[in-house]
Amino acid sequence: MAKGTIKIDENRCKGCELCTSVCPQHIIQMATYFSARGYRPATLVDPAGKCTGCALCAMICPDVAITVYRETKPVSGPKIQVAPA
Ligand code: SF4
Ligand code: SF4
């Protein structure tokens, strides 16, 4: 399973909660405090590192407030050699 994390820009978030409803890992919650804009911003609560970087939250966010970071591993496998012509 891929590993990921997200960063939520509180200055963009309007607290619509769409991201909390789509996250398959249920690791986005609404904060108990208000942002400078007067909304309760979405917050990542992921102490167990469950985020897979699937980006569903970022895709549904109407305010482009979420940036997704996904761990990428180098692809291992057979090396392909091109035979000389
Ligand atoms: S990237 Fe996927 S798993 Fe991670 S917080 Fe967003 S919806 Fe949840
Ligand atoms: S979908 Fe976007 S605007 Fe709505 S709560 Fe989540 S981060 Fe905030």
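These legends describe close-up views of a predicted model of one chain with its ligands.

**Figure 1. Overall course of the chain.** The chain contains two helices and four strands. Their order along the sequence is β-α-β-β-α-β. The radius of gyration is 18 Å, whereas the globule rule gives 12 Å for 85 residues, so the chain is more spread out than a compact globule. Along the principal axes, the C-alpha atoms fill a box of roughly 65 × 25 × 20 Å. Of the 85 residues, 16% count as buried. Among contacts with a separation of 6 or more, 68% join residues 24 or more positions apart.

**Figure 2. The shell around ligand 1.** Ligand 1 has 15 residues around it, and C23, C51, C54, L56 and C57 come nearest. Strand 1 (4-8) and helix 2 (56-60) each contribute at least two residues to this shell. By class, the shell holds eleven nonpolar and four polar residues, and no charged ones. C54, one of the nearest residues, sits in the loop between strand 3 and helix 2. From C54 to A36 the sequence separation is 18 residues, and the C-alpha to C-alpha distance is 29 Å.

**Figure 3. The shell around ligand 2.** Ligand 2 is surrounded by 14 residues, of which C13, C16, C19, A42 and C61 are the closest. This shell is made up of ten nonpolar residues, one polar residue and three charged residues.

Figure 4. The largest nonpolar core has 13 residues. Within this core, the residues that touch the most other members are I8, C19, I28, C57 and I66. In soluble globular proteins, nonpolar side chains tend to be buried together. Apart from neighbours within four places in sequence, I28 is in contact with C19, T20, C23, A42, L44 and C57.

**Figure 5. H26, a non-glycine residue with positive phi.** The phi angle of H26 is positive, at about 55 degrees, although H26 is not a glycine. H26 belongs to the loop between helix 1 (18-22) and strand 2 (28-30). H26 counts as exposed because it has 10 C-beta neighbours inside 10 Å, and the limit for an exposed residue is 12 or fewer.

Figure 6. A55 lies in the loop between strand 3 (42-44) and helix 2, and K50 is placed in the loop between strand 3 and helix 2. A55 is not a glycine, yet its phi is positive, at about 75 degrees. With 15 C-beta neighbours inside 10 Å, A55 counts as partly exposed. K50 also has 15 C-beta neighbours inside 10 Å and counts as partly exposed. Not counting residues up to four places away in sequence, K50 touches Q25 and I27. K50 and K7 are separated by 43 residues in sequence, and their C-alpha atoms are 14 Å apart in space.

Note on methods. Residues numbered from 1 in each chain as written. Chains lettered and ligands numbered in written order. Predicted model: local features only at pLDDT ≥ 70, side-chain atom pairs only at ≥ 80, totals over all residues. Near = placed C-beta within 6 Å. Nonpolar A, V, L, I, M, F, W, Y, C, P; charged D, E, K, R; others polar. Rg over C-alpha atoms; globule rule 2.2 N^0.38 Å. Buried ≥ 20, exposed ≤ 12 C-beta atoms within 10 Å, placed from the backbone. Contact = placed C-beta atoms within 7 Å. Core = buried A, V, L, I, M, F, W, Y, C linked by C-beta atoms within 7 Å.
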